[in-house]
Amino acid sequence: MPSHTLFVCKSCSFSTTQRDYMGERGGKHLLSKLLELHPQWSLKSEFIIAEVECLSACKRPCAVALTAPNKTNLMFGDLPPLESAADILNLCEKYHASTNGIVQRNERPEVLQKGILARIPPPIE
């Protein structure tokens, strides 16, 4: 059973200046790219890729979030929907390997070094 989740906002605009591209939101394009790569991905059994209606990062599209038990939750925005899927999966690999969910900025793929929107600690037990 997967222990980690990658949430992808399907409602995100294509960019801050363009709502749709080829009739679809940017979030749907990003989700499609991720789902295309998922079957061949080495961690496919460890991650659920889940679409969500909205991550409330509308001014910073496209947005994704990572979560796992006992790990800090991470949320990123400003992701180009057609080019960033492989980099997001690379970040997921680093997140999976971390013991606490923290992936240092210099360890993240370049497209994910700037767009961090939130770092939410795990619940206190």
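Student: How many aromatic pairs does the count come to?

Tutor: The count comes to two aromatic pairs, where rings of Phe, Tyr and Trp (its six-membered ring) pair if their centres lie within 6.5 Å, and planes under 30 degrees apart count as stacked, over 60 as edge-to-face and the rest as tilted. In the pair of F14 and Y21 the ring centres are 4.7 Å apart and the planes stand at 20°, so this pair is stacked. In the pair of W41 and F47 the centres are 5.2 Å apart and the planes are at 45°, so that pair is tilted. Please keep in mind that this is a predicted model, in which local features need pLDDT of at least 70 and side-chain atom pairs count only at pLDDT 80 or more, while totals for chains, interfaces and linings use all residues. Residues are numbered from 1 along each chain as its sequence is written, and side-chain values use heavy atoms, with hydrogens and water left out.

Student: Is F14 buried or exposed?

Tutor: F14 is buried, with a relative accessible area of 15%, where buried means under 20% relative accessible area, exposed over 50%, and partly exposed in between (1.4 Å probe, protein chains only). Y21, at 30% relative accessibility, counts as partly exposed, whereas W41 and F47 are both buried.

Student: New topic: what does P81 touch?

Tutor: Not counting residues up to four places away in sequence, P81 touches F14, G26, H29, L30, K33 and C62, with contact meaning heavy atoms within 4.5 Å. P81 is itself buried, with a relative accessible area of 3%.

Student: And K71, where does that lie?

Tutor: K71 lies in the loop between β5 and β6, where strands are DSSP runs (E, at least two residues), numbered from the N terminus. β5 and β6 form a hairpin with five residues between them, and N70 in the turn has a positive phi of about 65°.

Student: Which side chain of opposite charge is nearest to K71?

Tutor: That is E46, 8.4 Å away, and K71 is buried yet has no salt bridge, which is a side-chain nitrogen of Lys or Arg within 4 Å of a carboxyl oxygen of Asp or Glu. For charge, Lys and Arg count as positive and Asp and Glu as negative, while His and the chain ends are not counted. A polar atom of the K71 side chain does lie 3.0 Å from the backbone oxygen of H96.

Terms used. Two strands pair if DSSP finds at least two bridges between them. Helices (H or I, at least four residues) and strands (E, at least two) are DSSP runs, numbered from the N terminus. A polar contact is a pair of N or O atoms within 3.5 Å; within protein, one must be able to donate a hydrogen and the other to accept it, and residues adjacent in sequence count only if both atoms are side-chain atoms.
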